[in-house]
Structures are given as structure tokens and as C-alpha cells.
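Thanks for coming, everyone. Please look at the model on the screen, and I'll walk you through a few parts of it.

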Amino acid sequence: MSNQLPSQEISRLSDAHPKPAHLRYQYGTAGFRTLGSILDSVLFRVGILAGLRSKKLDGKTIGVMVTASHNPEEDNGVKLVDPRGEMLEASWEAHASTLANASTTHDLIEAIETIIRSARIDISKPARVVYGRDTRPSGPALVAALRDGLTAIGAEIRDAGVVTTPILHYLVRAINTKGTKDAYGDDSEDGYFGKLSGAFKRLVAGKQTPPPLIVDCANGVGTDAVNKILPRLGDSLKLIPHNTATSTPGALNNSCGADYVKTSQKLPPSLANYLKTGQRGCSLDGDADRLMYFYIDERNQFRMLDGDKIAALVAGFIVDLVKTAGLDSEVKVGVVQTAYANGSSTKYLAERLPVRCVPTGVKHLHHAAERFDIGVYFEANGHGTVLFSSGTQELLASYEPTTPAQSTALNHLLNLTQLINQTVGDAISDLLLVETVLAHRLYSGIEWDSLYVDLPNRLVKVVVEDRHAFQTEDAERQLVSPKGLQSKIDDLVRRYDGGRSFVRPSGTEDVVRVYAEAAIKSQADAELAFRVAGLVYDEAEGDPGSRPREFL
């Protein structure tokens, strides 16, 4: 490789992908995400950044995923994946935003040179990048811009094609650990599906086959994943895919998918004639990294089993296995939640194992989960996974059980390390994990749902002039500014049985989100949430059009 930045090649290709003069881009937890039609220049520059990141890490393979997850079809986005399949190191998010916002080709080259100097990148090192995309119509053109950026920086390119976000994360770790003691699996889609389905079949061997599971694929890339894993599961689990129209314009995430189920708290209309009373169903989101379960109860009511319910089910199962294996004094299992977790789930879990609350955002949950020997994290929205520390994995591999019961539990734990995609939340992996626990517990959705009863809750947003005026602490559960607002909220909350409320600014737009829960639905819904929202509105002199409707 040359010791010189290929400035001429970057200039030539950059001119084909000019930055729109009036736009500013921000790399956040989900990477860049906005309308697909205004991302061309961003994708070109992300290609260059991915090459620089790989060079910085001595030629390790970096991942690039082109997706907007649960967003509407006209949106798209892009995010980088670090070598172990984890999110891009936080300090590099600023580099991404800097490159994306360079006004001209000349400014872009200066910004690249600044990053090379400040991050001490040896430009002569090789660069290797693997990329994938979801099913959005804007994907192919954005990938072409990405490839131009990768070509400009001289990267070796691997195209993973149309894949789920979790498969791309899997591939990145599998490529980088190939041939090492930490080998994650064969670095192919086949390797991914073989690893998951093999572990699942070992875990449920001898168990009763459950009734078929309806899977809402959100008309997205999860359709392909479900269809590919189906034949590998054989008789161990029957999946019935719905909402599989990946080529129908406007269908993606439209009145279906995990985000629709969580926010509307109802069944996707397309499933109304298919889901029978008591039958389990689940929804993936547009890139298959979130999962929501549900069922229809005997009163014909829709019942949602969200990320909190998944965490309770999975954590309880793992705690029991660790105990049965005789490892409870050596392996500490913990759960990580955000303030959005339902108060009943926190109470249920805290009676059984340590629970840690962190600020909203996958990176906070993931890092906190890494501090446990086995860390379980699920956001209420259905995104989550389980992390086994390297020390725990070594212990499980070398531990010698002394009874048949210990041996069985140990084997289950070893198979769980293979079933669970530890790089990121993965709807396909999490679906098989949930089905494993239900098979072992002999639970239907009804028994699972009865682990605890959710407190009624409501989420309201208030449009404000400046979200930065709202500052929080204690994992976003307490406001420190505006001064005096928290004590007013506390006074309101005290009036309600089981009352809890918190206020936090959005990370992406000038709105403040208000969460409230109380023992009685009408109080959580119509009273507490809107009264707290009214306090926020009055404090911020918010947009009159956004004043909570109970206060108009």
C-alpha cells in the first residue's frame, strides 16, 4: 500500500457525490438515518471512514450496514460495525459527522488528513470492509456511493448482499476471529444459520414440539432470514411467515413489524384473521434486530410480550441453569434495563438477580451487560441479547460436572452461547431463544405473560424550542434542569398509587419525552402522563400545537 493519501482518486470520485449545501448530518447510536434521497454524499464518505477505521486497526475487517431499521420505507441510513461485531467506538462518531458535513471536496480531503493525524493512522496499512443492505428501494444506489468511497481509499471490499443487520454483525466477528481460539463461526450466511439452528435443535431435543408460531416479517429483510432458517429447523419448530412482501412499494414496516406492535400496542391488522385464541405470534422489525411477541387471550384481547417480558423469561431460565450446573457461586448473572422498563418487570427481576439501570441507547446497555459474567439486556422495544464474558465461556468449556443434572444444565448453557448472537440484538436468534425457554418451561404465551402484570403506562412527547434546556442524571430518571421542575413532578407522582414518571430530551429532535406509569390505567394514561407533560410545556413555553390535548 502507498504511504500517501490517494487525494486525486478521492477528489475525482467525491465530485460525483457532492454534499447538499443546506443539510447537516449527525452520526448517533443508529448511525446516520434520514431520507434515503439525501444520503448519497454520506455513503461515499462513510466508505472512506470505514477504510480509515480498518487501517487504524491494522487491516481488521470493518462492517458497514445500510438500513433504517424500523423507520418508514423512504428513510435509509448507514452505520459502521467494529471488528468484534460491536458498534463503532464512540470517539469515532465525531469523525463520521465531520466527514459527512465537509462542505466541498477540498474540505473533505482536509478533514480526512486531520483524522489521519489525530488518530495516528498509518495510511500504508491495508483496509478491509464487508457491507450489506436491507430491502429498501434506495439501497442499491446508496451502496454504489459507498463502493465509490471504499474504492477511493483503496479498501478490499466484500459484498454480503441483502442481509439482516445481525447477520452483518455476525459476519464481521466471524471474519476477524477466523482461525483463532475465539472463532465465532463460519463467515457466511450458511455458517450463521447452521450455528443457530444446530444449537436450537440440541436445546429442544426431546421436548414437546410447540404449536406453530406466526412470524410477522414486517415486509422486510427478515422475510429472507425466516425462509432460510425454516428448513433447517425441521420438525423442532414450525414458523408461519406473514408480511413477506419485500418488493411491494410502501409495504415495509407499514402497519406491521415490531415497532408498530410496541407503539400502537395492537395486533398488525394483516394478522387479524390468522392468529387464533391462545396462539403465539411475533413481529420482527425492518432489519430484524428487534422482536416483539404477542397472543390473543380468552377474552379475545390482544396481549403484548415486549422486551421486558423477554428479559424476565430469559434471565430466569439462565439463573436456574447456572444454579443447577452448580456454578452459582462463580457465575454472576445480571440484567440491564433503561428507565423505560416497566416498573413491574424491574420489581420481578430485582427479587431474583442484580438489575442495573442505564441511560437509553444500545451502547449503554451493551457496555453495562459486559460487566456481568452473564449479562442480559433487552430494551422494552424488543432489542436485546445476552453476553457471556470470555472468562465465563472458558469456565463452561473446562468445568467438570459431578451429577447428570449438572451435566445437562452445563450442556444447555454451552448451547446457549452458540444460539445467542452476542454481537447485537438479533430477532431470529432471540426468537429461537424464547422458543427454547418456552419449550423447557412448558409455557404458552399465557403462562409467560403471568410472570408479572405490567403497570399501565403512557408515553407522551412535547415539542419544545430547545431540548438542550432539559438535562438529566441518575440514568435519565431525574431532571437537573430546568431547576425546580423535578420537584413539581415528584409532587404529582406522589398522588398516584404505583406512580412513576420521568422526563428526558430526545437525542435527535427538539422534543421532550414524558413517561408515566401508575397502578390504574386511567390515571397513568389520562392524568399523570398529561399532567407531567403540561408541566414540561409550561416550563418550556412549548409549541402551542404540541400542547398535550388534555390541556388545550
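Let's start with the record. An unreviewed UniProt entry carries the annotation "domain: Alpha-D-phosphohexomutase alpha/beta/alpha", covering residues 61-95 and 102-179.

Some ground rules. This is a predicted model: local features need pLDDT of at least 70, side-chain atom pairs count only at pLDDT 80 or more, and totals for chains, interfaces and linings use all residues. Residues are numbered from 1 along each chain as its sequence is written, and side-chain values use heavy atoms, with hydrogens and water left out.

Back to the two annotated spans. In residues 61-95, the end C-alpha atoms lie 18 Å apart, and the span is 9% helix and 37% strand. In residues 102-179, the ends lie 40 Å apart, C-alpha to C-alpha, with 53% helix and 17% strand. Helices (H or I, at least four residues) and strands (E, at least two) are DSSP runs, numbered from the N terminus.

Now strand β2, residues 61-66. Is it buried or exposed? 6 of its 6 residues are buried, so the strand is largely enclosed by the rest of the structure. Buried means under 20% relative accessible area, exposed over 50%, and partly exposed in between, with a 1.4 Å probe and protein chains only. Both faces are covered: Thr61, Gly63 and Met65 on one side, Ile62, Val64 and Val66 on the other.

Which strands sit beside it? β2 runs parallel to β4 (residues 128-133), joined by 6 bridges. There, Gly63 stands opposite Val130. With β3 (residues 75-81), β2 pairs in the antiparallel sense over 4 bridges. There, Met65 stands opposite Lys79. Two strands count as paired if DSSP finds at least two bridges between them.

Next, an open sheet. It has 3 strands in the order β15-β19-β18, with antiparallel pairing. β15 (457-463) and β18 (500-505) are the edge strands, each pairing on one side only. Between β18 and β19 (residues 511-517) there are 6 bridges.

On to empty space. Rolling a probe the size of a water molecule over the atoms shows where empty space is left. The search uses a 1 Å grid over the protein atoms alone. A cavity is a set of points where a 1.4 Å probe fits but cannot get out; a pocket is an open set with protein on both sides within 12 Å along at least five of seven lines; lining residues have an atom within 4 Å of a point.

Take the second largest pocket. About 660 Å³ of space lies in it. Its lining has 25 residues, with Arg84, Arg173, Phe388, Gln393 and Gln422 nearest the centre. Elements giving two or more residues to this lining are α12 (362-369), β14 (384-388), α13 (390-398) and α14 (404-419). α13 gives the most, with 4 residues.

How many cavities are there of 30 Å³ or more? The whole structure has 3. The largest cavity holds about 50 Å³ of space. Lys79 turns up again in its lining, among other residues including Tyr27, Leu80 and Glu93.

Last stop: Val319, in helix α10 (residues 307-324). Val319 counts as partly exposed because its relative accessibility is 23%. Val319 and Pro212 are 107 residues apart in sequence and 28 Å apart in space, C-alpha to C-alpha.

Terms used:
UniProt positions are given in the numbering used here, feature names are shortened, and annotations may be inferred rather than shown by experiment. Grid points are joined across faces, edges and corners, and a volume is the space filled by probe spheres set on the points.
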